[in-house]
Amino acid sequence: MKYGKTKDLLNQLVADLSQFSVVIHQTHWYMRGPEFLTLHPLMDTFMDEINDQLDVVSERLITLDGAPYSTLQEFADNTGIKDEIGTYERTIPERMAKLVEGYRYLSDLYQEGIEVSGEEGDDCTQDIFIGFKTAVDKKIWMIQAKLGLAPDLAADDSVKHL
């Protein structure tokens with residue numbers, strides 16, 4: 001099967017991007033605090049960006065004759081991002097830190113995709129992975145800066161499950 005590992009990774013991203021969009025949406029709904037008025041609409045932007053990535057990843061998978069996951073059950077069965085019941089108890093900094101965890105997970109997955117698609121000679125998919133990793137790493141930097149922290153992009157390459 002041509003590009004087999006690349007297609008598997010693309011489908012992993014379909015599940016994870018779908019789940020991470022829900023995590024961001026939960027942040028959007030359950031956020032409370034003095035920064036609510038600025039951060040609440042920002043979460044719409046974050047969701048749009050993740051959903052745009054999901055569309056590109058899914059369409060690339062279809063282009064390679066793959067079949068993207070397309071049900072809630074498939075997303076739940078295949079994501080590496082855990083579900084969490086919504087609560088108003090988390091502070092805004094805790095919510096932002098949770099988003100950083102998710103973005104770090106995606107960054108690691110995109111890095112793996114860069115390597116796998118490179119090994120399989122799929123330059124087009126590798127280009128997609130490089131672009132999205134760049135965007136995700138920038139998001140990590142921005143959220144970390146909001147939290148008064150350094151981006152710490154090289155700190156932990158082993159984030160596997162949220």
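The model is predicted. Its protein chain has an average pLDDT of 94. A score of at least 70 is reached by 95% of the residues.

Two packed helices are described by the angle between their axes and the distance between the axes. The table lists the two helices and their residues in contact.

| Helix | Residues | Residues that meet the partner helix |
|---|---|---|
| H2 | 36-63 | Leu39, Phe46, Glu49, Gln53, Val56, Val57, Arg60 |
| H5 | 123-146 | Cys124, Thr125, Ile128, Phe132, Ala135, Val136, Lys139, Ile143, Lys146 |

H2 and H5 pack at an angle of about 165 degrees. Their axes lie 11 Å apart. Angles over 145 degrees count as roughly antiparallel, so H2 is roughly antiparallel to H5. The crossing of H2 and H5 is left-handed. By residue class, the contact of H2 with H5 holds 10 nonpolar, two polar and four charged residues. Among the residues of this contact are Phe46 in H2 and Phe132 in H5.

**Loop residue Ile85**

Ile85 sits in the loop between helix H3 (72-78) and helix H4 (92-119). Is Ile85 buried or exposed? Its relative accessible area is 74%. The cut-off for exposed is over 50%, so Ile85 is exposed. Ile85 also pairs a sequence separation with a spatial one: Gln26 is 59 residues away in sequence. In space, Ile85 and Gln26 are 8.9 Å apart, C-alpha to C-alpha.

Methods:
Residues numbered from 1 in each chain as written. Predicted model: local features only at pLDDT ≥ 70, side-chain atom pairs only at ≥ 80, totals over all residues. Heavy atoms only, no water. pLDDT = per-residue confidence, 0-100. Axes fitted to C-alpha atoms, helices over the stretch in contact; angles between N-to-C directions. Helix = DSSP H or I, 4+ residues; strand = E, 2+ residues; numbered from the N terminus. Parallel < 35°, antiparallel > 145°, perpendicular 65-115°, else oblique. Left-handed = near helix turned anticlockwise from the far one by under 90°. Contact = heavy atoms within 4.5 Å. Nonpolar A, V, L, I, M, F, W, Y, C, P; charged D, E, K, R; others polar. Buried < 20%, exposed > 50% of the residue type's maximum accessible area, 1.4 Å probe, protein only.
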